Amino acid sequence: MAITRQAARRSFLLMALLFAAVATALELGPGLLQYIQQEYGLEARARLENWERLHKLAEPAPTRRQVQLVNSFFNRTPFVSDLQHWDQEDYWATPVEMLATNGADCEDFSIAKYLTLRSLGVPDNQLRIVYVKALELNQAHMVVAWYPTPDADPLILDNLINQIRPASQRDDLEPVYSFNGEGLWRIRGNRTRRSGDAEQLRHWRSLQDRLIDVLK
């Protein structure tokens with residue numbers, strides 16, 4: 001399925017704004033930081049400033065080190081369900097919303113890690129956000145997969161465990177679909193099939209709109 005012109009424009013605008021925002025070490029801007037401080041307090045502002053510091057620290061590092069730093073940074077955020085946190089069944093928060101409110105569920109962890117790694121220059125074709133079934137918990141879950149090479153056993157960034165392990169060692173996760181800025185893939189067993197683009201995911205479109213508003 002071809003990417004629509006509107007989807008391509010949205011994806012391009014999002015990444016252009018994201019990279020513009022991080023061109024000077026993820027400077028979020030005094031207006032945004034002041035707003036976060038007024039609405040959520042000094043500790044919330046400090047969390048966003050720590051995100052900026054993470055970017056400065058990780059930017060010159062090798063990709064594997066960037067992956068470790070980003071995973072560790074966001075995994076410090078407390079887990080809070082969407083119903084408790086946002087009074088919604090399913091809400092995909094931007095990294096700013098996640099850090100400002102100091103709470104996240106698995107989608108929020110994965111989105112924040114993915115976007116931060118993209119802002120650090122990790123190519124999109126090396127990253128996938130993966131919707132899985134967590135077998136031991138018997139519930140839906142989301143993680144990030146990093147492919148150091150196209151045919152590599154991907155490394156899994158997960159908020160359930162701090163260790164970054166190869167997918168082959170995560171028998172507790174059953175992949176269902178994955179996506180990134182380039183596409184959407186359905187997964188059945190060992191077969192992965194391209195089924196369109198991530199714009200088909202309503203929550204992803206909503207998140208991009210909110211992220212674009214923040215980064216303008």
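## Close-up views of salt bridges and strand hairpins

**View 1. Arg170 and Asp172 meet through their side chains in a salt bridge, with N and O 2.9 Å apart.** Asp158, Arg170 and Asp172 belong to one network, joined by salt bridges that share partners. The model shown here and in the other views is predicted. Arg170 has a relative accessibility of 4%, and because buried means under 20%, Arg170 counts as buried.

**View 2. Asp158 forms a salt bridge with Arg170.** The closest N and O atoms of this pair are 2.8 Å apart. Distant parts of the chain are linked by the pair, whose residues lie twelve residues apart. Asp158 sits in the loop between β3 (155-157) and β4, while Arg170 sits in the loop between β4 (165-166) and β5. Are the two residues buried or exposed? Both Asp158 and Arg170 are buried.

**View 3. A salt bridge joins the side chains of Arg118 and Asp124.** The N to O distance in this pair is 3.4 Å. Arg118 is at 11% relative accessibility and counts as buried. Asp124, at 8% relative accessibility, is buried as well. Side chains of opposite charge can pair when their charged atoms come close. How many salt bridges does the structure hold? The structure holds four, including the pair of Arg118 and Asp124.

**View 4. Strands β5 and β6 form a hairpin.** Strand β5 covers residues 173-180 and strand β6 covers residues 183-188. The two strands pair in the antiparallel sense, over four bridges. Two residues lie between β5 and β6 in this hairpin. Which residue of β6 stands opposite Phe179? Leu184 of β6 is the residue opposite Phe179. The loop that holds Arg170, shown in View 2, runs between β4 and β5.

**View 5. Strands β6 and β7 form a hairpin with two residues between the strands.** Strand β7 covers residues 191-196. Its pairing with β6 is antiparallel and extends over five bridges. Ile187 stands opposite Thr192 in β7. Which residue in this hairpin takes a positive phi? Gly189 does, with a value near 60 degrees.

**View 6. Strand β6 pairs with β5 and also with β7.** Pairing is antiparallel with β5, over four bridges, and antiparallel with β7, over five bridges. Among the residue pairs to locate here are Phe179 with Leu184 and Ile187 with Thr192. Each of the two hairpins has two residues between its strands: that of β5 and β6, and that of β6 and β7.

Terms used. Residues numbered from 1 in each chain as written. Predicted model: local features only at pLDDT ≥ 70, side-chain atom pairs only at ≥ 80, totals over all residues. Heavy atoms only, no water. Pairing = 2+ DSSP bridges. Buried < 20%, exposed > 50% of the residue type's maximum accessible area, 1.4 Å probe, protein only.
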